[in-house]
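Work through the exercises below with the sequence and the model side by side.

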Amino acid sequence: RSLQWDRALACFEEMQDHELQPGVITFNAAISACHWSHGADLLATMCAHKVRPDIITYNAIIGACDKGREWRQAMAHYEDMSMLSLRPDAITVNVLLRALQGCGRWIEASELL
């Protein structure tokens with residue numbers, strides 16, 4: 001599994017070496033393959049490149065936080081969505097609930113419902 005995100009980041013960097021500008025789909029794929037901390041870095045890079053994150057971006061980063069048991073980061077990304085006028089969908093809520101439940105954060109999870 002760790003090789004997947006290494007490979008994803010290597011491909012991403014290779015694109016930039018060839019002066020290819022990654023778009024939202026490329027960023028989303030890379031974030032989906034990464035550990036939560038690398039995904040957060042990619043999200044910041046995405047914004048620096050003026051590529052607007054979409055609902056899939058946030059579903060991917062919240063999912064990465066779930067895998068890393070980083071419920072606080074997952075909640076922060078969920079809250080960031082409103083600043084971009086992105087409405088959470090069923091996938092967003094489901095992934096966030098899974099992240100909260102996996103860390104025993106039942107009160108926070110119940111507040112989402």
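**Exercise 1. Determine how many of the 13 residues of α4 are buried, and what covers them.**

Step 1. Helix α4 is mostly covered, since ten of its 13 residues are buried, where buried means under 20% relative accessible area, exposed means over 50%, and partly exposed lies in between, with a 1.4 Å probe and protein chains only. Helices are DSSP runs of H or I with at least four residues, numbered from the N terminus.

Step 2. The buried residues of α4 are T57, Y58, N59, A60, I61, I62, G63, A64, C65 and D66. Their cover includes α2, α3, α5 and α6.

Step 3. The model is predicted, so that local features need pLDDT of at least 70 and side-chain atom pairs count only at pLDDT 80 or more, while totals for chains, interfaces and linings use all residues. Residues are numbered from 1 along each chain as its sequence is written, and side-chain values use heavy atoms, with hydrogens and water left out.

**Exercise 2. Compare the span of α4 with the expected one, then examine the start of the helix and the residue just after it.**

Step 1. The 13 residues of α4 reach 18 Å from the first C-alpha to the last, close to the 18 Å expected at 1.5 Å a residue; the expected span is 1.5 Å times one less than the number of residues.

Step 2. At the start of α4, a side-chain oxygen of D54 comes to within 3.1 Å of the backbone nitrogen of I56.

Step 3. Just after α4, R69 takes a positive phi of about 55 degrees. R69 is placed in the loop between α4 (55-67) and α5 (71-83), and at 52% relative accessibility it counts as exposed.

Step 4. Most residues other than glycine have a negative phi. S85 is exposed, with a relative accessible area of 65%.

**Exercise 3. Decide how the buried residues of α3 are arranged around its axis.**

Step 1. The buried residues of α3 are W36, G39, L42, L43 and M46.

Step 2. Seen down the axis of α3, these buried residues fall within an arc of 110 degrees, so they line one face of the helix; the arc is that of the directions from the helix axis to the C-beta atoms.

Step 3. An α-helix has 3.6 residues a turn, so residues three or four places apart point the same way.

**Exercise 4. Identify which elements give two or more residues to the largest nonpolar core.**

Step 1. The largest nonpolar core has 26 residues, and those with the most contacts inside it are I31, L42, Y58, I62, A74, L96 and L100. Such a core is a set of buried Ala, Val, Leu, Ile, Met, Phe, Trp, Tyr and Cys residues joined through side-chain atoms within 4.5 Å.

Step 2. The elements that give two or more residues to this core are α2 (24-33), α3, α4, α5 and α6, and α4 gives the most, with six residues.

Step 3. I31 touches G39, L42, L43, T57, A60 and I61, residues up to four places away in sequence not being counted.

Notes
Contact = heavy atoms within 4.5 Å. Polar contact = N/O pair within 3.5 Å; in protein donor to acceptor, adjacent residues only side chain to side chain.
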